[in-house]
Amino acid sequence: MLSAESIIDLIDQGSIVWPGQLRGDGLLLRLGSPLQPLVVPGTEVVDLAEQSSIDDLYGEPVTEWNTHDVRPGELLLGAVAEPLRLGAGVMGMIGGLSHLARVGLVVHVTSPFVLPGWTGHLTLELVNTGPAALRLHHGMPLARLLLFALDGPHAEDVAPHSFYGREADLKSRYADEFPVGPDRR
């Protein structure tokens, strides 16, 4: 894991682009805009092989906000306020803040890994597992990103993922990335 001093050196060298704050030996991830609420779709089943079916899960993004309440059991997608770019030799791992976990807020549900070449605003999957609504505040710290140097040789020019850096679109693009043909259904 990289130390704060190593992270600052990599920022100075341009291997990491991060305009935000450090917390200890990691990057402090703050909640920004937009927020992407999920809604009850018009059908009982969301077909993960059909992008239009997945898209039916999403309401209108919330772009202008100061506070937002997350109800018990609700899943809400939130963009990290500051953009991030990781160079070819650096990867990250998202970890939630334990203070928030202790009130029932899960801040990142899926794989914690941010791969080399990432560029854009990270998306956090926020889930309220507690018994009461939780009020989020724009700019509040939610998680941190621990950084790691890759071991061994690596390509200096990382081909970016097709969905990296998509502005203001936090929705799942699962069916677009992993199409399923009729012979595999």
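This is a guided tour of a predicted model, stop by stop.

Before you click, note that residues are numbered from 1 along each chain as its sequence is written. In this predicted model, local features need pLDDT of at least 70, side-chain atom pairs count only at pLDDT 80 or more, totals for chains, interfaces and linings use all residues, and side-chain values use heavy atoms, with hydrogens and water left out.

**Stop 1**

Select strand E1 (16-17), strand E6 (residues 84-86) and strand E10 (119-120). Helices (H or I, at least four residues) and strands (E, at least two) are DSSP runs, numbered from the N terminus. The 3 strands form an open sheet in the order E1-E6-E10, with antiparallel pairing. E1 and E10 are the edge strands, each pairing on one side only. Two strands pair if DSSP finds at least two bridges between them. E1 and E6 are joined by 2 bridges. Click valine 17, then arginine 85 in E6: they are bridge partners. Strands of a sheet pair through backbone hydrogen bonds, either parallel or antiparallel.

**Stop 2: strand E13 and its neighbours**

Now select E13 (residues 141-149). E3 pairs with E13 in the antiparallel sense, over 5 bridges. Look for arginine 30, which stands opposite proline 141 in E13.

**Stop 3**

Which two residues does a cis peptide bond join? Zoom to serine 33 and proline 34; omega is about 5°. Proline 34 belongs to strand E3. Most residues other than glycine have a negative phi, and most peptide bonds are trans.

**Stop 4: the salt bridges**

A salt bridge is a side-chain nitrogen of Lys or Arg within 4 Å of a carboxyl oxygen of Asp or Glu. By this rule the model has 4 salt bridges.

Start with arginine 173 and aspartate 55; their closest N and O atoms are 3.1 Å apart. The pair links distant parts of the chain, 118 residues apart: arginine 173 is in the loop between E13 and helix H4 (174-177), and aspartate 55 is in helix H2. Buried means under 20% relative accessible area, exposed over 50%, partly exposed in between (1.4 Å probe, protein chains only). Arginine 173 is buried, at 14%. Aspartate 55 is partly exposed, at 25%.

Move to aspartate 69 and arginine 135, with closest N and O atoms 2.7 Å apart. Aspartate 69 is partly exposed at 33%, and arginine 135 is exposed at 51%.

Then pick arginine 71 and glutamate 74, another salt bridge (3.7 Å, N to O). Arginine 71 is exposed, at 52%. Glutamate 74 is buried, at 9%. Finally, select Asp55, Arg173 and Asp176 together: salt bridges that share partners join them into one network.

**Stop 5: a nonpolar patch**

Switch to a surface view and select Leu48, Tyr174 and Phe178. They make a nonpolar surface patch of about 320 Å². Patches are made of residues with over 30% relative accessible area and no salt bridge; like charges are joined within 9 Å, nonpolar side chains (Val, Leu, Ile, Met, Phe, Trp, Tyr) within 5 Å. Accessible areas come from the Shrake-Rupley method with a 1.4 Å probe; for residues, only the protein chains shown count as cover. Leucine 48 is exposed, at 53%. Its place is the loop between strand E3 (26-37) and helix H2 (51-55).
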